[in-house]
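Trainee: I am new to this structure. Please take one part of it and go through that part closely.

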Amino acid sequence: YLFSHITSEKKSLKENLLKNPGFESDKTDTSSPVLWKITDTTSGEYSKFTVNSEMVRNGEYSLHWYSADSFENSSALTEITAECDGNYKFSSYFAGEKSTCKIRIYVNNVLKDENTCKPVAYNSWDKLSVMAYAKKGRR
């Protein structure tokens with residue numbers, strides 16, 4: 001799972017506003033990636049929720065969920081501050097099997113948009129996007 005980018009609709013802010021979007025800052029396998037909060041609810045013999053280099057879309061790392069048992073509500077959270085009033089788009093890529101992935105965007109802890117996909121194969125990446133309006137200085 002790769003968290004691609006957050007951009008503003010403003011022409012001057014088309015660059016990625018996410019910090020460490022591909023988990024490259026860590027330069028190692030980790031369950032505590034820089035600038036991300038990981039909540040792991042996986043369980044079972046082969047469970048893990050970690051950044052590693054096993055299957056990546058681009059770069060050297062991506063976030064992986066593994067579990068022999070069902071699990072819900074594992075999450076990876078990061079935060080940005082709106083640099084100006086406007087719409088902000090968050091995009092992410094997912095790959096895998098037998099799972100449902102959901103992305104959400106919040107402004108000041110209020111859910112503004114969400115999107116869901118069911119990946120069909122490993123190394124077949126699906127892109128999801130969500131958008132929300134935020135005023136300058138809001139998180």
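Mentor: The answer begins with a pair of strands and then turns to a loop.

This is a predicted model, in which local features need pLDDT of at least 70 and side-chain atom pairs count only at pLDDT 80 or more, while totals for chains, interfaces and linings use all residues. Residues are numbered from 1 along each chain as its sequence is written, and side-chain values use heavy atoms, with hydrogens and water left out.

Strand β6 covers residues 86-94. Strands here are DSSP runs of E with at least two residues, and helices are runs of H or I with at least four residues, numbered from the N terminus. Seven of the nine residues of β6 are buried, so the strand is largely enclosed by the rest of the structure. Buried means under 20% relative accessible area, exposed means over 50%, and partly exposed lies in between, with a 1.4 Å probe and protein chains only.

β6 and β9 run antiparallel and are joined by nine bridges; two strands pair if DSSP finds at least two bridges between them. Phe 94 stands opposite Asp 126 in β9.

Met 131 also belongs to β9, which spans residues 126-134. Its relative accessible area is 41%, so Met 131 is partly exposed. Neighbours within four places in sequence aside, Met 131 is in contact with Asn 87, Tyr 88, Lys 89, Ile 105 and Asp 113, where contact means heavy atoms within 4.5 Å. Asp 113 is 18 residues from Met 131 along the chain, and their C-alpha atoms are separated by 6.3 Å.

The loop between β1 and β2 holds Thr 30. Thr 30 counts as buried because its relative accessibility is 16%. A polar atom of the Thr 30 side chain lies 2.9 Å from the backbone nitrogen of Ser 32. Apart from neighbours within four places in sequence, Thr 30 is in contact with Thr 50 and Val 51.

A search of the whole structure finds one aromatic pair. Its members are Phe 23 and Trp 36, with ring centres 5.2 Å apart and planes at 50°, so the pair is tilted. Rings of Phe, Tyr and Trp (its six-membered ring) pair if their centres lie within 6.5 Å; planes under 30 degrees apart count as stacked, over 60 as edge-to-face and the rest as tilted. Both Phe 23 and Trp 36 lie in the loop between β1 (2-8) and β2 (37-39), 13 residues apart. Phe 23 is buried, as is Trp 36.

Methods. Polar contact = N/O pair within 3.5 Å; in protein donor to acceptor, adjacent residues only side chain to side chain.
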